[in-house]
Amino acid sequence: MGIISSRIPWWLRGRRAPEQPGPGGVEVAGAAVAAGDEVEEESEEAGPSTSQGGFKRKTDSGGPPAVGRLRKRARGISGSVYEKLFLMGEGSDVQIRALGEVWNLHKVYLCQSGYFASMFSGAWREATMDTIDLQMPDENIDSEALHEVLGSLYQSSVLIPPRRVVSILATACMLQLDELIWQCGEVMEETVTVYTVCSYYHSAESYGLPNIRSICFQWLLDNLMTHPCEELLLRQLSPDIMKELIASSELLVMEVEMDVYAMLKKWMYLQLQPGWSGPCRALLPDANLWFARAKRESGGTPFLETQEGSAFVPVFQHLRLAYLICELSSARIIDQDALIPAAWLTPVYKDQWLALVQAEQSKGLGPTDIHVPSFPEYNMRCGHHLPKEVRCSWRWASLSIGWDLVVCYANRRIIFKRSAKNKSHGLGISLLWQRKVAFRLCVVSLDTTGRATFRKSTEYQVLSPGRDEELEVVNLESQDVVFPIYVACNFLYVPREGQGPE
């Protein structure tokens with residue numbers, strides 16, 4: 001009896017799972033395989049509970065609907081083969097033992113797996129053994145997943161429910177079943193929701209599915225600040241993922257950068273107090289009370305400088321502080337919360353004050369050209385939610401670009417207007433000369449699962465309107481757009497000396 005524990009899993013040797021399927025079907029030689037060329041697709045999960053080892057199939061409860069995808073194969077592998085050879089073990093020539101279960105199987109079928117094909121050929125001692133003990137190197141692999149994946153070698157179709165896809169993917173990767181790996185990727189791509197996105201993201205990283213990782217990351221960028229199940233999503237996000245999201249200029253921010261800071265406070269509070277429960281509207285007030293108490297107990301030490309707060313420093317370092325302090329009410333909140341160390345804020349206040357004085361006392365026009373690689377790093381992210389198609393207009397309060405920018409939606413058009421009427425903004429608004437601002441605008445529509453059904457973006461460009469001048473930025477007249485929609489815009493209006501756009 002051999003113990004298969006020394007064999008290094010293929011994903012640890014640097015191999016990555018394929019992103020495209022191979023040829024349909026797998027031909028297997030041997031008397032146990034029935035002939036046939038017709039392709040079929042079954043509507044039910046193939047096979048009853050196995051009689052080998054007394055294994056019983058688990059049932060799912062709660063969470064998202066357990067819909068899945070059927071895997072197609074040549075009809076040559078029939079249901080009777082699955083029942084007689086796999087479930088009953090007739091004519092078995094090898095016994096597989098793992099996770100407390102036993103399967104009486106056939107090498108001719110197992111050799112469809114790259115893992116077993118390698119094991120049963122060459123100089124491996126298992127090639128001549130009748131009983132193989134498998135050690136599972138991955139905690140995502142359970143007995144049910146192993147049963148389903150081994151059974152897939154004997155049947156024409158396999159149902160992969162979303163709640164089981166990670167375990168099946170882990171098992172398929174270990175056994176090197178490229179077609180099943182690809183099938184799992186398809187299921188994951190079609191079933192990304194608030195319930196599955198984080199587990200899919202981590203699994204895609206672990207098992208070499210970069211396309212699925214990108215899809216999940218984009219879903220998080222679109223839904224982090226827009227999804228109605230905010231608490232559920234924030235609880236699942238690790239600091240590593242949150243750091244990437246906060247750093248991205250593709251993040252769909254609602255409404256301004258200060259709202260990113262408020263969202264991070266709620267996320268950090270849930271990480272520190274996972275037992276919190278209550279209505280969503282109470283989450284931010286409860287977080288504020290908790291951090292105020294922590295401030296008193298630490299003698300006023302900024303929270304990110306405490307031992308508890310140190311784990312969150314890499315995330316908060318990606319906040320765009322320059323855009324948090326450009327509005328008085330936001331600056332006061334930052335100061336009162338005392339989460340962020342003064343050493344972070346002092347140079348930002350200095351830079352912003354000098355930039356404001358320069359904007360008011362010189363005739364600099366702002367950026368005249370756009371260096372795209374630098375633009376994402378320094379821009380301000382703004383957003384607005386349009387729940388239905390009605391004429392409306394709005395301003396982003398903390399957008400101090402030297403003139404009053406009004407955003408209008410009318411007749412399926414988004415328009416920027418420089419207003420010369422509003423003179424209540426004081427120091428930040430100048431009507432004396434023409435100023436320029438770099439921007440990019442994106443319109444996104446999301447369905448009930450958070451999947452983007454429409455996305456349209458402008459190129460990076462420089463905006464330089466005259467007084468009361470209007471500029472049509474996006475025209476949706478001929479587009480199939482379903483409301484609600486989200487309007488996201490990136491602005492760059494404070495040139496940094498020697499960095500970014502000039």
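1. A salt bridge here is a side-chain nitrogen of Lys or Arg within 4 Å of a carboxyl oxygen of Asp or Glu. Keep in mind that we are looking at a predicted model. With that cut-off, the structure holds 14 salt bridges, and a few of them are worth a look.

2. Start with Asp142 and Arg164, whose side chains meet in a salt bridge at 2.8 Å, N to O. Asp142 sits in the loop between strand S7 (131-134) and helix H4 (143-152), while Arg164 sits in the loop between strand S8 (159-160) and helix H5 (165-175), so this pair ties together parts that are 22 residues apart in sequence. Which other residue joins Asp142 and Arg164 in a network of salt bridges? That would be Glu144.

3. Are Asp142 and Arg164 buried or exposed? Asp142 has 18% relative accessibility and counts as buried; the cut-off for that is under 20%. Arg164, at 9%, counts as buried too.

4. While you are in this area, check Ser167, which lies in helix H5. Ser167 is buried, with a relative accessible area of 12%. What lies 3.0 Å from a polar atom of the Ser167 side chain? The backbone oxygen of Asn140 does. If you leave aside neighbours within four places in sequence, Ser167 is in contact with Asn140, Asp142 and Ala145. Asp142 therefore turns up here as a contact of Ser167 as well as in the salt bridge with Arg164, given the 4.5 Å heavy-atom limit for a contact.

5. Next, Arg213 and Glu244: their side chains meet in a salt bridge at 3.1 Å, N to O. This pair links distant parts of the chain, with Arg213 in helix H8 (residues 210-223) and Glu244 in helix H10 (residues 239-247), 31 residues apart. Arg213 counts as partly exposed at 21% relative accessibility, and Glu244 also counts as partly exposed, at 33%.

6. Staying with H8: the helix has 14 residues and reaches 20 Å from its first C-alpha to its last, close to the 20 Å expected at 1.5 Å a residue. Which residues of H8 are buried? They are Ile212, Cys216, Phe217, Trp219, Leu220, Leu221, Asp222 and Asn223. Their cover includes helix H6 (178-190), helix H7 (197-206), helix H9 (230-236) and H10, along with strand S13 (437-446) and strand S14 (452-457).

7. H11 is mostly covered, as 13 of its 16 residues are buried.

8. On to the sheet. Four strands form an open sheet in the order S10-S11-S12-S16, and the pairing is antiparallel. The edge strands are S10 (392-394) and S16, each pairing on one side only. From one strand to the next, the twist averages 25 degrees. S12 and S16 pair over five bridges, in the antiparallel sense, and Arg413 stands opposite Asn475 in S16.

9. Glu472 is in strand S16 (residues 470-475) and Arg413 in strand S12 (residues 413-419), so-called distant parts of the chain at 59 residues apart. Glu472 counts as partly exposed at 42% relative accessibility, and so does Arg413 at 22%.

10. Last, the hairpin of S5 and S6. Strand S5 (residues 94-98) pairs with S6 in the antiparallel sense over five bridges, and the bridge partner of Val94 in S6 is Leu105. Two residues lie between the strands, and Leu99 in the turn has a positive phi of about 55 degrees. Which residues of S6 make up the covered face? Glu101, Trp103 and Leu105 do, whereas Val102 and Asn104 make up the uncovered one. In a regular strand the side chains alternate between the two faces of the sheet.

How values were computed. Residues numbered from 1 in each chain as written. Predicted model: local features only at pLDDT ≥ 70, side-chain atom pairs only at ≥ 80, totals over all residues. Heavy atoms only, no water. Buried < 20%, exposed > 50% of the residue type's maximum accessible area, 1.4 Å probe, protein only. Polar contact = N/O pair within 3.5 Å; in protein donor to acceptor, adjacent residues only side chain to side chain. Pairing = 2+ DSSP bridges. Axes fitted to C-alpha atoms, helices over the stretch in contact; angles between N-to-C directions. Expected span 1.5 Å × (residues − 1).
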